[in-house]
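Here is a friendly note to read alongside the model. Take the points one at a time, with the structure open beside you.

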Amino acid sequence: MEVIKLWNDKRKRETYENFSELYAIIRATEKLEKAYIRDLVSPSDYETECQKLILHFKTLSASLKDSVPNIEHFAETYKMDCSAAVYRLVTSGGVPATVEHRAAAAASTSSSASVVAECVQNFITSMDSLKLNMVAVDQVYPLLSDLSGSLGKLGILPTDFEGRVKMKEWLVRLSKMGASDELTEQQARQLHFDLESSYNSFMAALPSAGN
């Protein structure tokens with residue numbers, strides 16, 4: 001029997017392999033979303049696994065942006081029927097359902113639900129960019145500036161909130177560097193640590209917003 005190849009060169013082979021990986025990520029996310037809805041997985045385990053899938057998705061979709069500009073179309077083309085996954089990976093902006101729920105709960109006692117969601121998204125985007133090795137000053141500064149601005153608009157946080165203080169310190173530090181300068185590995189690691197620490201403090205503050 002003759003074997004039919006889907007590719008004739010290394011580049012096409014890599015493209016098909018990436019398509020296969022993207023397909024697998026979407027499928028896995030769909031299964032995870034349904035498991036969470038049916039209480040088959042704990043919220044903490046769900047959030048951990050969901051964040052992993054979202055990061056893998058962002059990394060892969062960035063490399064496939066020319067060949068797969070629209071994830072919804074990709075899912076339709078391969079008849080995936082994964083609306084929950086598409087929502088989680090694309091529509092929600094890459095935010096786990098557990099994070100959405102905590103933000104919504106806190107938003108009921110804050111001035112604006114959109115500001116809470118904006119803070120969450122800016123935290124996640126900033127941390128993901130470092131994981132994707134986006135460490136140039138002109139890449140990092142705008143993200144931290146957006147995060148600092150959104151935190152400043154949220155009235156439920158104290159004025160000395162850790163995230164506000166640390167982001168201002170980093171913005172001052174970055175402003176003294178050139179646009180094309182890059183953070184060292186140690187600086188990037190410290191920034192990610194500060195972001196993660198501030199994010200955890202932020203999420204911990206949300207449930208107590210109405211106390």
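1. Start with Lys-166, which is partly exposed at a relative accessible area of 22%. Here buried means under 20%, exposed over 50%, and partly exposed in between, using a 1.4 Å probe and protein chains only. This is a predicted model, where local features need pLDDT of at least 70, side-chain atom pairs count only at pLDDT 80 or more, and totals for chains, interfaces and linings use all residues. Residues are numbered from 1 along each chain as its sequence is written, and side-chain values use heavy atoms, leaving out hydrogens and water.

2. Which residue does the side chain of Lys-166 meet in a salt bridge? The partner is Asp-194, at 3.8 Å from N to O; a salt bridge needs a side-chain nitrogen of Lys or Arg within 4 Å of a carboxyl oxygen of Asp or Glu. The two lie 28 residues apart, with Asp-194 in helix H9 (residues 185–205) and Lys-166 in helix H8, linking distant parts of the chain. Helices are DSSP runs of H or I with at least four residues, numbered from the N terminus. Asp-194 counts as buried, at 7% relative accessibility.

3. The whole structure holds six salt bridges. Another of them joins Glu-118 and Lys-153 at 3.1 Å, N to O. Glu-118 sits in helix H6 (residues 113–131), and Lys-153 in the loop between helix H7 (137–152) and helix H8 (162–175). Glu-118 is partly exposed, at 29%, and Lys-153 is partly exposed too, at 46%.

4. Lys-52 and Glu-49 also form a salt bridge, at 3.6 Å from N to O. They are about one helical turn apart because three residues separate their positions in helix H2.
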